[in-house]
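Here is a short report on a two-ligand protein model. The sequence and structure come first, then the reading.

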Amino acid sequence: MQITMIGAGYVGLTTGTCLANMGHDVCCYDIDSRRITRLERFDLPIYEPGLENAMRRAVEVGHLRFSSKIRTSVSEADAVFIAVGTPSAPTGGIDLTHVFSAARQIAPHLKRGAVIVIKSTVVVGTAQRVREMIARERGAFDIRVASNPEFLREGSAMRDFAEPDRIVLGADDARSRRLLRSIYGTFEKIGIPMVVTSTGNAELIKYAANAFLAMKIGFINDVADLCEKAGGDIADVTRGIGLDHRIGDSFLQPGPGFGGSCFPKDTRAFAATGRQYGAPQKLIETLIARNDQRKTALARRIVKEARLAPGSKVTVLGLAFKANTDDVREAAALSIIPFLREAGMHVTVHDPKAAFNARAHLSDVTWSDCPYKACKDAAAVVFLTEWEEYRALDLGRLAKTLSGDFLFDYRNLFEPRTVARHGLRYASLGRSTIFTRQRADVSSLETWPRQIAAPGHI
Ligand code: NAD
Ligand code: UGA
């Protein structure tokens with residue numbers, strides 16, 4: 001099948017490449033012609049593990065090409081996917097400008113019988129609005145609009161495409177339904193569940209899924225706070241609840257507050273849609289506020305617990321909103337670092353992949369290309385992204401590099417005992433205890449985690 005992907009970003013590129021490797025003929029179009037020129041040289045504008053090799057394979061066998069010319073990209077396509085950004089609008093809803101302008105751009109060039117497939121995350125009713133827009137532009141021309149929301153995660157996008165839990169196909173007419181089914185026929189054959197539904201339901205499913213996943217994270221972050229105060233251990237608690245299959249053990253990792261290009265904007269959009277339809281999503285409204293507060297609270301905790309005076313050096317390791325991506329959109333680092341700067345700290349930062357993107361958002365920090373060098377003479381070090389490279393750091397070497405002895409681990413990368421053995425004071429999430437520097441104190445680890453404290457004794 002001839003497929004065109006409008007928007008060669010995280011979703012457009014990974015989905016386009018994977019569809020090409022399934023045997024479809026795919027053209028990735030982007031309005032940014034420099035991006036296309038780079039792609040033609042395999043100079044990828046994003047970091048996504050496995051993408052470059054898959055892309056090279058698809059191009060070599062002639063199933064994938066890139067273009068910045070709208071007419072030739074679209075005119076032969078059976079299906080035109082719209083995978084452009086849907087950022088937050090100032091009201092909290094989403095800004096559909098890119099989706100509508102993409103639809104307007106492709107409208108004059110679509111062949112009779114083509115189906116527009118909205119892959120971008122859009123609020124309920126958007127497919128219908130695009131349909132009306134196309135009808136205005138093309139009159140009685142036989143063009144359909146369908147919805148196929150995407151569930152991949154950055155950092156594991158290739159695997160998520162290959163092994164989806166389900167595929168959601170939103171169509172309001174038989175032809176669109178047939179076309180979507182044939183695009184994903186290979187998956188259906190191997191038993192991947194297909195949720196075939198209306199475009200409106202598909203749009204609602206996408207937001208409800210992201211809101212629910214974000215809620216799991218928000219919930220476990222609050223439970224982690226309670227564990228800290230009550231002397232509990234979040235790892236045991238998550239295992240204890242996650243083994244209940246009704247709850248499940250995924251998305252229960254405490255962190256510095258969820259970030260990224262999706263959960264923050266999608267929860268805001270979901271809440272705004274609820275308000276618009278008179279069906280308030282109170283849980284989600286609270287979640288959004290709690291998540292924002294968490295980032296500030298964890299920033300304040302660094303200054304307070306390490307008793308940092310203005311002028312102290314703090315090193316932040318990890319700028320990406322999660323590991324295995326170079327994306328810093330709404331990353332915790334972008335809230336925590338400005339707070340530290342305002343509190344008068346000198347901040348040195350490092351990230352293995354996201355430093356380039358972070359430069360547009362952070363000023364007045366010192367950039368480092370090595371985590372050990374970044375920590376030199378720092379009063380405290382803060383881990384914000386769960387890169388494997390950080391997990392593998394030699395803590396003894398790190399401890400010697402620091403001038404202070406505080407390690408804030410907001411991803412629970414290390415074992416408290418291990419950190420303490422290196423004479424560092426350790427603050428992590430959902431685990432009580434900040435160990436003191438003296439080696440003698442390591443004996444107290446035998447009693448860790450301490451007895452659950454009664455509220456009065458916290
Ligand atoms: P992105 O910002 O990485 O990429 C969007 C691309 O669209 C950019 O390259 C931009 O130049 C291009 N573009 C904008 N307007 C255009 C136009 N009129 N014509 C052609 N190209 C245009 O965005 P993304 O992260 O890939 O997200 C795209 C959509 O997919 C969003 O709605 C997002 O919520 C959703 N989504 C993202 C993810 C993810 O992990 N990033 C996962 C699932 C769904
Ligand atoms: C998320 C969803 O997981 C995807 O299914 C969805 O397609 C995508 O949003 C989207 O709609 O764009 P993504 O944002 O790439 O994917 O990354 P996640 O792995 O979901 O992480 C989001 C944030 O939550 C990160 O800041 C991460 O560190 C945090 N998180 C995640 C936790 O704090 N704890 C967890 O257990 C999981």
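A polar contact is a pair of N or O atoms within 3.5 Å. The model is predicted.

## Two domains

Contact between the domains involves 35 residues of domain 1 and 29 residues of domain 2. Together they bury about 2400 Å². Carbon and sulfur atoms carry 57% of that area. On the domain 1 side, Y47, V124 and E154 stand out: they supply 27% of the area that domain 1 buries against domain 2, more than any other three residues.

One salt bridge is counted between domain 1 and domain 2. The side chains of R329 and E154 meet in a salt bridge, with N to O at 3.8 Å. E154 is also one of the three residues that lead the buried area of domain 1. Polar contacts between the domains come to 13 residue pairs, both residues at pLDDT 80 or more.

Which elements give two or more residues to the side of domain 1 that touches domain 2? They are helix α6 (126-138) and the strands β6 (144-147) and β7 (167-170). By residue class, this side of domain 1 divides into 18 nonpolar, eleven polar and six charged residues.

## Ligand 1

Ligand 1 is surrounded by 29 residues. The closest are V11, D30, T86, Q105 and K265.

A polar backbone atom of I31 is 3.3 Å from a nitrogen atom of the ligand. Q105 uses its side chain instead: a polar atom there lies 2.7 Å from a nitrogen atom of ligand 1. Q105 is also among the closest residues listed above.

## Ligand 2

Around ligand 2 there are 19 residues. F151, L152, K206, Q253 and C262 are the closest.

Which backbone atom lies 2.7 Å from an oxygen atom of ligand 2? It is a backbone N or O atom of L152, and L152 is one of the closest residues to this ligand. F321 places a polar backbone atom 2.9 Å from an oxygen atom of ligand 2. For E150, the distance from a polar backbone atom to an oxygen atom of the ligand is 3.4 Å.

## Salt bridges

The structure holds 29 salt bridges. One of them joins E52 and R56, whose closest N and O atoms are 3.0 Å apart. Both residues lie in helix α3 (residues 51-60). They are four residues apart, about one turn of the helix.

Definitions and conventions. Residues are numbered from 1 along each chain as its sequence is written. Chains are lettered from A and ligands numbered from 1 in the order in which they are written. This is a predicted model: local features need pLDDT of at least 70, side-chain atom pairs count only at pLDDT 80 or more; totals for chains, interfaces and linings use all residues. Side-chain values use heavy atoms; hydrogens and water are left out. Contact means heavy atoms within 4.5 Å. Buried area is the accessible area (1.4 Å probe) that two parts lose on being put together, summed over both. A salt bridge is a side-chain nitrogen of Lys or Arg within 4 Å of a carboxyl oxygen of Asp or Glu. A polar contact is a pair of N or O atoms within 3.5 Å; within protein, one must be able to donate a hydrogen and the other to accept it, and residues adjacent in sequence count only if both atoms are side-chain atoms. Ala, Val, Leu, Ile, Met, Phe, Trp, Tyr, Cys and Pro count as nonpolar, Asp, Glu, Lys and Arg as charged, and the others, Gly among them, as polar. A residue is near a molecule or strand if one of its heavy atoms lies within 4 Å of it.
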